[in-house]
Amino acid sequence: MPRFKLTLAASLLALAPAAFGQQLSIATGGTGGTYYPYGGGLAELINNHIEGASAVAEVTGASVENMGLVWRGDSDLALALADTVYQAYSGTGDFEGRQLENIRALASIYPNAVQLVTLADSEVHSLADLRGKRVSVGAPGSGTELNARALLEANGIDYDDFTPQRLNFNETADAIRDGDIDAGFWSVGPPTSSILNLATTRDVRLVGLTDEEIANAREVEPVFAPYSLRAGIYDGVEEPVQTISIPNVLAVSSEMDEELAYQITKVLFEQTDELIAIHPAANDTTVEFSVDSTPIAFHPGALRYYEEVGAEVAEHQRP
């Protein structure tokens, strides 16, 4: 091809909209939580607004598993709790000795609330009452289990003090309803469908945390923050319930194409209304929440978007 034609072709390519021509996999969690519908909503945004890219939400074991999926390249994007993402990125905690150096963030998208649920007539009224009981601590490899264990151990309770059951959200709700367990943990954006459904069939109660229990948890896990579950969030919850929350991070590999990462970040924050229509947790999907909450470095494509909109990015968030 003559040289001028090569130059013209390169110029036209540079001016063309990004067309990625690839199928993206979004690692989420179980169908009874928030990750799966949120991930499905994000897939719709990508399909509708990013030319040449398509995406699908995948059911997974959630946070811990999702970090491995992105690290290995089996998933392109993943939703995970901030503590899990930080541990994977830094090679600490559950990832000690196996640092996943290629993990980067596009955004923190909403906070999870740790929700301890029991039946209204249960003997469980506090964390201490879990001793000797049958308790679901979340699916194996999930952020719920990491959060539950951190909260319990910070307050002097370990797995030897009760009978732990590693159940996903829907299994936990079914087991509480059927009387197979006494209580269960969720770490998820409220309200979540599995608790909503449980509360329509049985009278439930959310177990609140004391100021001291929250302070103990934050000393062990600094990414925890106080959070109040509002009155009326589920049937039978008539007063606000004090608990802790933790941000959820949308993570990718450092090897993701920079323009693609930029386009996903842009559509996430500029088409948020479409996500809110799918799940109310997306009301917290804002640039401000993201830059205030993300514990690891942003992908360069995401960083380009934040700088474009004038957001203040911390030093630890820069690659």
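This is a predicted model: local features need pLDDT of at least 70, side-chain atom pairs count only at pLDDT 80 or more; totals for chains, interfaces and linings use all residues.
1. The aromatic pairs in the structure number 8. In one of them, the ring centres of Phe-269 and Tyr-305 lie 6.1 Å apart with an angle of 10° between the planes, so this pair is stacked. Because Phe-269 belongs to helix α9 (residues 258-270) and Tyr-305 to helix α12 (residues 300-308), the pair ties together parts that are 36 residues apart in sequence.

2. Phe-269 has a relative accessibility of 12% and therefore counts as buried. Tyr-305, at 3%, likewise counts as buried. Tyr-305 also forms an aromatic pair with Tyr-306; this pair is edge-to-face, with 6.3 Å from centre to centre and 70° between the planes.

3. Ring pairs join Tyr-262, Phe-269, Phe-298, Tyr-305 and Tyr-306 in a cluster. Over the face of Tyr-262 lies Arg-304, at 4.1 Å from the ring centre.

4. Helix α9 has 13 residues, which at 1.5 Å a residue should span 18 Å; the C-alpha atoms at its ends are 18 Å apart, in agreement with this. At the start of α9, the backbone nitrogen of Glu-259 has a side-chain oxygen of Asp-257 within 3.0 Å.

5. Which residues of α9 are buried? They are Leu-260, Ala-261, Tyr-262, Ile-264, Thr-265, Val-267, Leu-268 and Phe-269.

Notes. Residues are numbered from 1 along each chain as its sequence is written. Side-chain values use heavy atoms; hydrogens and water are left out. Rings of Phe, Tyr and Trp (its six-membered ring) pair if their centres lie within 6.5 Å; planes under 30 degrees apart count as stacked, over 60 as edge-to-face and the rest as tilted. Helices (H or I, at least four residues) and strands (E, at least two) are DSSP runs, numbered from the N terminus. Buried means under 20% relative accessible area, exposed over 50%, partly exposed in between (1.4 Å probe, protein chains only). A charge sits over a ring if NZ of Lys or CZ of Arg is within 6 Å of the ring centre and within 35 degrees of the ring normal. The expected span of a helix is 1.5 Å times one less than its number of residues. A polar contact is a pair of N or O atoms within 3.5 Å; within protein, one must be able to donate a hydrogen and the other to accept it, and residues adjacent in sequence count only if both atoms are side-chain atoms.
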